[in-house]
Amino acid sequence: MATLTLDGLRKSYNEREVVHGVSCAVADGELVVVVGPSGCGKSTLLRMVAGLETVTAGTVSIDGRVVNAVEPKDRDIAMVFQNYALYPHMSAYDNMAYGLRMRGMAREEIRTRVERAAAILQLDGLLERKPRQLSGGQRQRVAMGRAIVRDPKVFLFDEPLSNLDAQLRVQMRVEIKRLQQQLGTTSLYVTHDQVEAMTLADRLIVMNAGIADQIGPPLELYERPATAFVAGFIGSPAMNLVRGRLIAAGVEVAGGVVPLAVAGGRGEPGRPVLVGMRPEHLEPAESGPLSVRVELLERLGADTIVHGAAGGDGIRLTARAPGGFAPALGDPVALAIRPEHIHLFDLDTGKRL
Amino acid sequence: MERRVVFAGWLCPAVLLVPQMAVTIVFFFWPAAQAFNESLRRGDAFGLTTHFAGVANFAALFASPNYLASFWITAVFSASVAVLALAPGLLLAVMADRVVRGAALYKTVLLIPYAIAPAIAGVLWMFLFNPSIGVLAALLRWLGIDWNYFLDAPQAIMLVILAAAWKQVSYNFLFFLAGLQAIPPSLVEASAIDGASPRRRFWTIVFPLLTPTTFFLLVVNIVYAFFDTFGVIHNVTQGGPGQSTEILVYKVWYDGIVGLDLGGSSAQSVILMAIVIALTAIQFRFIERRVHYA
């Protein structure tokens, strides 16, 4: 049981800074997911926590102890790698036992621990197999097993599901969540998949170009994204982000005027802004402030995603309609949105207004 | 899917095959057949006629203490050359793998000895250790070692082993380096997190994963020591003192060209041929069953 604290963590490679000061406190037993596009510095962040990369500035603390200069093996962490990093010449059993043997644990104790982990992960009967004789999902479980037998203070996951097919990924996602709750081990989990991030996380860190844009519970990020980047990254289909202009009656956007929940206080009229509207909040209506011409329909069964063009200047909006909604291509569709579902961002900084 | 090229007629593929076939026939099958033929014949005292002698040449070889001694010398020589060429090659590769700055220069310099012909390598070592004019020989004398490999058999053996191994270190270095770079870094990182010290990481993870490379190199080095070291022996010791550095391939040449015993020399070639075929077969079998690490 432990806490993990990152304080102003920075990383530079030859003058070029790739992580620009990330701070976050992971509470005991919490699962924090770091999510962002590739190249945003999330893996570097995780590797600094693991001790596989040196820290340029700032501190990593585990249970209040600064571990910047501590070897990876002495940090009491376990890591699950993207490619699993199973030792190919060892059986599943030996893979899991390796870390315990290196620590000089007694043979009997090792056997007990590995067998317990194998039972939790449903690996019984597979322990004598070499990694190449295991399926992708089984390898993934062995990699998890190798982490949990050690009973570390912190689990680190580096995109552990990205090598699995879509179906298995969903299944393993649930298993990881269940396992982490069962064991109650403090965890830091890196992924580029926002659905994975939303479903797993107690709290999310959205990374963008080396900066933590927002840290918070998944629903808070969904409901009140702090930046336009977070708004566009979280949620599927992605939020519509279009240019608009504040006016006295609300905001002028995509050829319509949408009223705002809080009049004023968000900037003087005439100010150009970035307007964010989630597809699921744009509802087809008899008459709405917005109108689009249907260009494409994605009929998913439960929902129909409507892609349409609004206004004269080719602005495209996506709306999520009920499954039965079936306008003809080229038809105009009126869209309404509740004022509280309008997000406004500064055009230059991307910050929420 | 295997890609197959389909030719319309037989002429084009035949023409394409001719150069390779010609080289193989002229430089391998023909001499091999001649050696095999010669090995079964015996010449008269003046070398004017030969007559069929069955396996008499082979029987004579295995009854000859000189030949059996040469076998033993070859075994010691090959094993030592293989070990002395492999171990430093691996060590240098492990070190080069860690070098970040100037890595290209480092690797280039380490590869230079491989570009040197065995005969030249032999001459180089001969000059270094020549009892009369050698720089290192003088140093050894100064250290109180009675250095004269022209008279001292163990010294002579050590010198040819060193000279032969030195040249092969580069080759082994190159293959070990490639082998090391094929090991995913995450395996070594995982083992570091698992608590293994750098030394244990090497022996429990890296070295086992290099096994295919090591085995391949072992066979290649043995073949090298058996067959490609004639130049080294010839330039450094001429097989002496006495017969102490006369390895099999040197004896073939000596008995045939100097001793003019063509039948006996051919019989020795045939035996060597059998050995190299066996080694190659082992190598091929191994490569077919080669473990592919996922």
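How many salt bridges are there between chain A and chain B? The count is two. One of them joins the side chains of A:Arg47 and B:Glu189, with 2.6 Å from N to O. Keep in mind as you look around that this is a predicted model.

The model as a whole scores ipTM 0.79 and pTM 0.77. If you zoom in on chain B, its average pLDDT is 82, and 95% of its residues score at least 70.

**Where chain A meets chain B**

Let's walk along the contact between the two chains. Chain A brings 25 residues to it, and chain B brings 21 residues. Putting the chains together buries about 1900 Å², and 63% of that area comes from carbon and sulfur atoms. On the chain A side, the residues that lose the most area to chain B are A:Pro88, A:His89 and A:Met102, which together make up 29% of what that side buries.

Polar contacts turn up here too: 10 residue pairs between chain A and chain B, both partners at pLDDT 80 or more. Which pieces of chain A supply the touching residues? At least two residues each come from α1 (42-50), β6 (77-80), α2 (92-102) and α4 (136-148) of chain A. Of the elements, α2(A) gives the most, with four residues. Sorted by class, this side of chain A has 14 nonpolar, three polar and eight charged residues.

**Inside chain A**

Now stay within chain A. Its domain assignment gives domain 1 (4-233) and domain 2 (240-346). Taken over C-alpha atoms, the centres of these two domains of chain A are 39 Å apart. Nine residues of domain 1 are in contact with seven residues of domain 2. The area buried between the two domains of chain A is about 580 Å², with carbon and sulfur atoms giving 59%. On the domain 1 side, A:Tyr222, A:Ala228 and A:Ala231 lose the most area to domain 2, together 71% of what that side buries.

Between these domains of chain A there are zero salt bridges, but two residue pairs are in polar contact, both at pLDDT 80 or more. The elements giving two or more residues to the domain 1 side are α7 (218-223) and α8 (228-233) of chain A. By class, that side has six nonpolar, two polar and one charged residues.

Here are the two contacts in one table.

| Contact | Buried area | Share from carbon and sulfur |

Notes: Residues are numbered from 1 along each chain as its sequence is written. Chains are lettered from A and ligands numbered from 1 in the order in which they are written. Side-chain values use heavy atoms; hydrogens and water are left out. Contact means heavy atoms within 4.5 Å. Buried area is the accessible area (1.4 Å probe) that two parts lose on being put together, summed over both. A salt bridge is a side-chain nitrogen of Lys or Arg within 4 Å of a carboxyl oxygen of Asp or Glu. A polar contact is a pair of N or O atoms within 3.5 Å; within protein, one must be able to donate a hydrogen and the other to accept it, and residues adjacent in sequence count only if both atoms are side-chain atoms. Ala, Val, Leu, Ile, Met, Phe, Trp, Tyr, Cys and Pro count as nonpolar, Asp, Glu, Lys and Arg as charged, and the others, Gly among them, as polar. pLDDT is the predictor's confidence in each residue, from 0 to 100. Domain bounds come from an automatic or database domain assignment.
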